[in-house]
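Me: I would like to learn how to read this structure, one feature at a time. Where do we start?

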Amino acid sequence: MEFSAELRDSVLAGDITVSFRLWRRARVRSGGRYRVGTGQIEVNSVELMPFSAITSADVRRAGEHDREALRNRAAHAGPISDDTLLYRIEFHSLRPEKE
């Protein structure tokens, strides 16, 4: 999964644990592991939901200050209204394995 450069450290630190994506179809799956910068995340769940159903807690878990900031970040793939369906991806950072 791709994250903006300014979010990668927070994703790997475990501070960001949810992402919302405007995709035509899911590009990740539950249990899948994906490289993020120098680390990896593992996806816990993937669900499709309208933008209006995003909670304040999820806005914070996505690393945004408010719903409009989240809407603007996710809108790089197209406009997002309250009824636009987005993929909610919950994940956790994987600690690097020791050699």
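Reply: Start with burial: buried means under 20% relative accessible area, exposed over 50%, and partly exposed in between (1.4 Å probe, protein chains only). By that scale Tyr-87 is buried at 12% relative accessibility. This is a predicted model, in which local features need pLDDT of at least 70 and side-chain atom pairs count only at pLDDT 80 or more, while totals for chains, interfaces and linings use all residues. Residues are numbered from 1 along each chain as its sequence is written, and side-chain values use heavy atoms, with hydrogens and water left out.

Me: Which aromatic residue pairs with Tyr-87, and how are the planes set?

Reply: A pair of aromatic rings is described by the distance of the centres and the angle of the planes. Rings of Phe, Tyr and Trp (its six-membered ring) pair if their centres lie within 6.5 Å; planes under 30 degrees apart are stacked, over 60 edge-to-face, and the rest tilted. The structure holds 2 aromatic pairs. One of them joins Trp-23 and Tyr-87, tilted, with 6.0 Å between centres and 40° between planes. Trp-23 sits in the loop between strand 1 and strand 2 and Tyr-87 in strand 4, 64 residues apart. Strands (E, at least two residues) and helices (H or I, at least four) are DSSP runs numbered from the N terminus. Trp-23 is also buried, at 14%.

Me: Is Val-46 buried or partly exposed?

Reply: Val-46, in strand 3, counts as partly exposed at 26% relative accessibility. Taking contact as heavy atoms within 4.5 Å, and leaving aside neighbours within four places in sequence, Val-46 touches residues including Val-28, Tyr-87 and Ile-89.

Me: How do I read a helix, and which residues of helix 3 are buried?

Reply: An α-helix has 3.6 residues a turn, so residues three or four places apart point the same way. In helix 3 (residues 67-74) the buried residues are Leu-70, Arg-71 and Ala-74. They lie on the same side of the helix because they cover an arc of only 100° around the axis, taken from the directions from the helix axis to the C-beta atoms. These buried residues pack against strand 1 (18-21) and helix 2 (56-61).

Me: What lies over the face of Phe-3?

Reply: A charge sits over a ring if NZ of Lys or CZ of Arg is within 6 Å of the ring centre and within 35 degrees of the ring normal. Here Arg-21 lies over the face of Phe-3, at 5.0 Å from the ring centre.
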